[in-house]
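Morning, everyone. Please bring the model up on your screens. I'll walk through it briefly.

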Amino acid sequence: MSAADACAAAVAAVEVTGAWLIAVSGAEAGHLMRVTDQVSELLAELQMTLGEGPGPDAVASGGPVLASDLDEMEAVRRWPAFAPAARQAGAAAIFAFPLQLGAIRTGVMSLYRVRSGPLSAFQLGDALIFADTATLLLLDAQDRAAGGAAVSAGAGPGGQPADLTRHRAEIDQATGMLTEQLGVGIGEAFLRLRAHAYAHDRRLSDLARDIVARRLRLLPDPDLRKDGQV
Amino acid sequence: MDGELLSDTFVELTDTMVAGFDVIDFLHVLTDRSVQLLDVSAAGLLLADPRGELRVVAASSEAVRLLELFQIQSDQGPCLDCFRSGQPVQAADLAAEARRWPRFAPAAREAGFSAVQALPMRLREQVIGALNLFRAGPGAFDPAEVRVGQALADVATISLLQERNMRHSDTLNEQLQTALNSRVIIEQAKGKLAERLGVDMEQAFNLLRESARTSNRRLSDLAQAFVNGTDALAGLNVSRLPSRFSADRPTRRPGS
């Protein structure tokens, strides 16, 4: 499964009309990875051309941008060029989700509907879970593209699902510590943490707890070091 | 109770319209002031994630933050009961609560707490989280203090919700989710700074917070810049740490 598949699957699960996914790697401009229909493609292009819209705002704020009615004054004030253009393209509501783990930013997933109206609490929860999944899959894809040994995103040791929301604080702290121990960026530090857990058949949260408690240090590995890349 | 601090705190908790308002920092003010004003040893705050999970957003100490995490992980405890019912939950002596919370009660006592009071953060029917007050010694909480605690939680809830247009659930969800994301960035920054200076997570957090205050920046922006390496926090004043926070003597706190 790829991040693009997660984006496509979100359309049916969240009950939206269409979706698109943009991957961001380092300082590069966004790369459009998936559109589920022509309107999505048009909306993605409009945002890139006009340089405004829910997607760019979601990346900038680090949180979702939920524009449930593009006809509303607030939407028009916020995106004076994009909002009317998106309406004309056929979208009445757009929901954009940044694909990120803290300071690790991998892209943005946007969903649109032909009807206006907010996502229900369940739909919002589902959309966030799809965004989490797409984030992990994008991180893996970026690592593979950079020649790293990617870890399976869907599963931890023994096929357990990577449980990112529960033991999260220690995982985040350990990731931050590894940037210093390994001299790498935050994205690579997270990959190294997961690779170590995978290679030693340990739960990510247990490994993170050992690092935070300073019972374990990881050493810089010259072979895995990708200078200048995050 | 310090009346002047209390009135200052109410002003502080309603002052969300200022430029650079930061939800995480705001909620830390709530937990810190609860400890200063009320006869409690520690305070923690949980908010509901739109995914349906509770998340620890602020805590007055690392010990209480871990205890709150434990409650979420073991799916049991007064804060969860409080959040689910929307009603205050009190336990005056956790030694007598092993049946009610078989996992939480021993963990709380091990963390050094004997009594707990959980207060809902709610506006009408909507419960967005819970403020949890912990005390080292057993005994019932003074009803007057509980009322002040609930008032602080209420004011904070209203302040969080007033910023946005109440007609939309959109903005609330955006803001809470953004706050939860910045919580992750702050944890990453704590880890990086703790490793760099050889301090523990609590000290790292205090340093980040102080640095944000001194430079008049949002805590989450500062954390982001530090993690991304665009700000080395050169102005960080490590020497102003109390001596037990000495940078050259890493404090080892297993599990923290």
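How many residues of chain B are in contact with chain A? The count is 36 residues of chain B, meeting 36 residues of chain A. Contact here means that two C-beta atoms, placed from the backbone, lie within 7 Å.

Some ground rules. This is a predicted model, where local features need pLDDT of at least 70 and side-chain atom pairs count only at pLDDT 80 or more, while totals for chains, interfaces and linings use all residues. Residues are numbered from 1 along each chain as its sequence is written, and chains are lettered from A and ligands numbered from 1 in the order in which they are written.

Back to the side of chain B that touches chain A. Three elements each give it two or more residues: α3 (62-74), α7 (170-197) and α9 (219-228) of chain B. Helices are DSSP runs of H or I, at least four residues, and strands are runs of E, at least two, numbered from the N terminus. The largest share, 18 residues, comes from α7(B). By class, this side has 12 nonpolar, 14 polar and 10 charged residues. Ala, Val, Leu, Ile, Met, Phe, Trp, Tyr, Cys and Pro count as nonpolar; Asp, Glu, Lys and Arg as charged; the others, Gly among them, as polar.

Next, a helix pair. The axes of α1 (residues 3-14) and α2 (residues 23-37) of chain B come within 11 Å and cross at roughly 170°. That makes α1(B) roughly antiparallel to α2(B). The cut-offs: under 35 degrees is roughly parallel, over 145 roughly antiparallel, 65 to 115 roughly perpendicular, and the rest oblique. Axes are lines fitted to C-alpha atoms, for helices over the stretch in contact, with angles from 0 to 180 degrees between N-to-C directions. Residues that meet include B:Leu5 and B:Leu6 in α1(B), and B:Val29 and B:Leu30 in α2(B). The contact has 6 nonpolar, 2 polar and 2 charged residues.

Now domains. Chain B is divided into domain 1 (3-163) and domain 2 (175-245), with bounds from an automatic or database domain assignment. Their C-alpha centres lie 23 Å apart. The contact takes 12 residues from domain 1 and 13 residues from domain 2 of chain B. On the domain 1 side, α2 and β2 (54-59) of chain B each supply at least two residues. The largest share of that side, 3 residues, comes from α2(B).

Last stop: α8(B) is followed by B:Asn216, whose phi is positive, near 55°.
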